[in-house]
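Here are my notes on the model, point by point. Have the coordinates open while you read.

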Amino acid sequence: MIAVEGLTKLYGDVTAVSDLTFTVEPGKVMGLVGPNGAGKTTALRCMAGIIPATQGRIEIESHDLREDPLAAKKLLAFFPDEPRLFDYLTVRQHLEFTARLYQVRDAADRARELLETLELTDKANVLPPELSRGMKQKVALACGFLHAPRVMFFDEPLTGLDPLAIRRTKDLIAAKARAGVAIIISSHLLHLLEEVCSHVLILKRGKKIAHGTLEEIRTQFREGDRDSTLEEIFIRLVGEDAGK
Amino acid sequence: MNAPVNALGYLVTRSLANGVLFRVRRLRRPKYLFGALLGAAYFYFYFGGFLGSSRMPWGAGKGTPSPFDPEIGAAILFLATILLSWILPASRAAIGFTEAEIAFLFPAPITRRTLVIMRLLKSQFGLLLFSVFMTLLAGQFHFGADAWFRIGGWWVIMNTLNLHRLGASFALQRLRERGMADGKRRTVVVLALVALAVLVEYTRRRLPTPPDLGTIAGGGAEFTRYISQILHTGPLPYLLAPFKLVMAPNFTHDAVAFLRALLPALGIMALHFIWVVRADVSFEDASIEAAKTRAAFLAARGRGELRARSGSDKARTPLWRLRPTGFAPVAFVWKSLLKAGGRRTLTRWAGFFAALAAGAWALGHSGPLSPTLKTVAIIIGAGCYITLLISFVMIGQHASAQLRQGIAAMDLLKTYPIPGWQLALGELAGPVALGTLMQWSSLGIATMLLRLSGPTHEIAPLILSIAGVVALLLPVFNLSTAILPCAGALLFPGWFRPQEAATPGLENTGMKLILGIAQMLAVIVALIPVVFFGAVAFFAAGKFTAILEWRALAAGGTAILILAMEAGLGVAWLGSLYDKFDASSDS
């Protein structure tokens, strides 16, 4: 479970994220949406313990990220928008390195399984510069899945992927949620989020302007049209900030 | 902490092994093989001299009479570097992680302190290499245990500097978090510097009158003795004592003395280490930003650009308003000038050269010069001649770099309804125009300073004629010499891939050497017909006039004509290469 209370992040005088409070239960997928510069990536980075929050409390499976960061971080995985890999480690060595960081005892078996699931077995000894972007994304996913995290943060995981890769990534995320993982995804591809997410949180200039299940959001903001899509609601709520 | 450090060990050793393997495998491609051979030869011959000569073995310098103590000089340099880390730090404390390291290490179960230690450990390999390099450069490298001691000495210095820089940035970050503004911090440092200056002045007043600055031109022994006196009087020796302790191992003359000097130096380094790892400061945000900036810089270098564009880059004002119709290559020149900084930067440069020219004119028309002014004139003149010499090669290289950047956008260039020769001319004209303006300025200033060389303070008409002809020759000469490297980039694009050349290494050094040699050859090839026909014109003119200046002008005019023809033919050839260029080729 992810529990966030009063999360605030300041950069000097600029408020990137302001007083964010929500929870994501195990097995649930929350979509974090907002226009560019709304604070999505900053919020995700704070929740993953990559950067410190200025104020607020973040709990990962009941471990306070500030008080007990190591216990909290052992249970989470963060997937950045662009897969950033080491130029001179092969795919298999990336998994071995990750295993060492997280002290995964049965890493060899898990790595083999992940390489098979993600169709990377024949690329296991290849260096990243020889891989396509989709393949690199798969390597990043394999590294993130290796220590069987209970909480996952995805920052724009579907951008730049071909339709088949998008479908596979969505299936993987859904499978992880079914296995009880609490997931937060930030994305601009709203129609795709509708397929994957159980909840949505809309951010505007660092502040939460809507939060709830897709149905709750639709009911709350539909303005007469019973079948409003998330995209229509998003544009209505975000207004002039959309498309910036 | 063992697990992350083990992981780091794994990352470093595997990356190193894979990196070496990758480089060895790519030697199968001729460009890397030739590059590696030439690079290896270059390093062998360059450092071979240092290895063989043993310029400073143990005991060297012992008892050598010198008014200036080099140990104090080194301590002052060390102090200055340390002061800079307090005056000019980054806006926030950042540690140099790569984007991949941030992606893997920051969300991992690793404490902030362990992250700092991991980064420090990772920097050791680079520091050790740098220490070897410094030992070589200082002429202290010769086989045997001595060299290892010297490398150890440099390693302590480099590590202490690195740790101090990091510690200072952490301490300043802590002050910022507690509300101390940058202005206040700078004020404190400036006040400390003022106090130091007062101490120096206090010491100076107790010493004899300083010698004239002009004595530097005559060897500077008197001046050095005076500085040395200042440094050995009053409170300065005490102030420099801790810095001397760090530098001391490198100034010892035998192994026992070295080890004895090493202990206090290591102690200071250890104290710095404790200071850094105990500082629990938030460096994550700034490190992410720094990694992003560095990645952008490397990407820009890969594209053949000198610096990365940043979000803070402001729109530049062009030198003139570009009309929508007219000769297309002018648009490329307009773009090049904008890229070079636009009106503001170019005006500043113009102002700089104008100030230098005014100074040179004033010097040339003044009476007998004092030794100080003569030294200034010599420095300015030498700078102008060096600029001219370097520019002969640099303009061609810069033009070919610009063209290579253009190749990266060839898909777009090829859609323009412009003939190839105009594209080629446009890409070349910008760097050539800028380079020529710089050359004219240097040539003008150097010529004005020539007045000082003669007893009458007059420039001979022949010298003026030659300078005039050279000035007229320069634009066509630059254009001609830029064509061959550009043609090379179009004929052999596989050899000129900027993103591959951006990877540092032996083979890359060799490839740069190959490009440099090719550029030199281009200069020679372009000059052969010019010199030949120029000489013919000079002697032929002798049949009509005996005045040397007129004969020089005839030779220069012919040379300009030949070079202009070369440039015209070259641009036409380059244009045809543009038209035929296949962006997907890899020859």
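1. Confidence first: chain A has a mean pLDDT of 90 and 96% of its residues reach 70 or more, pLDDT being the predictor's confidence in each residue, from 0 to 100. Among the elements of chain A, helix α9 (residues 230–238) has the lowest mean, 83, while strand β7 (residues 151–155) has the highest, 96. Helices (H or I, at least four residues) and strands (E, at least two) are DSSP runs, numbered from the N terminus.

2. Ground rules: this is a predicted model, with local features needing pLDDT of at least 70 and side-chain atom pairs counting only at pLDDT 80 or more, while totals for chains, interfaces and linings use all residues. Residues are numbered from 1 along each chain as its sequence is written, chains are lettered from A and ligands numbered from 1 in the order in which they are written, and side-chain values use heavy atoms, leaving out hydrogens and water.

3. On to the interface. Chain B puts 32 residues in contact with 31 residues of chain A (heavy atoms within 4.5 Å). About 2800 Å² is buried between the two chains, 69% of it from carbon and sulfur atoms; this is the accessible area (1.4 Å probe) lost on putting the two parts together, summed over both. On the chain B side, B:Tyr10, B:Phe104 and B:Pro109 lose the most area to chain A, together 26% of what that side buries.

4. Look at A:Lys9 and B:Asp285, whose side chains meet in a salt bridge at 2.7 Å, N to O.

5. Which elements give two or more residues to the side of chain B that touches chain A? They are α1 (2–25), α4 (99–105) and α11 (284–302) of chain B. The largest share, 13 residues, comes from α1(B).

6. One ring pair worth a look: the whole structure has 20 aromatic pairs over all chains (Phe, Tyr and Trp rings, the six-membered one for Trp, with centres within 6.5 Å; planes under 30 degrees apart are stacked, over 60 edge-to-face, the rest tilted). A:Phe86 and B:Phe104 make a tilted pair, 5.2 Å centre to centre with 40° between the planes. A:Phe86 lies in the loop between β6 (76–79) and α3 (91–102) of chain A and B:Phe104 in helix α4 of chain B, so the pair joins two chains.

7. Finally, within chain A: A:Glu82 forms a salt bridge with A:Arg133, the closest N and O atoms being 3.5 Å apart. The pair links distant parts of the chain, 51 residues apart, with A:Glu82 in the loop between β6 and α3 and A:Arg133 in helix α5 (residues 133–145).

Notes: A salt bridge is a side-chain nitrogen of Lys or Arg within 4 Å of a carboxyl oxygen of Asp or Glu.
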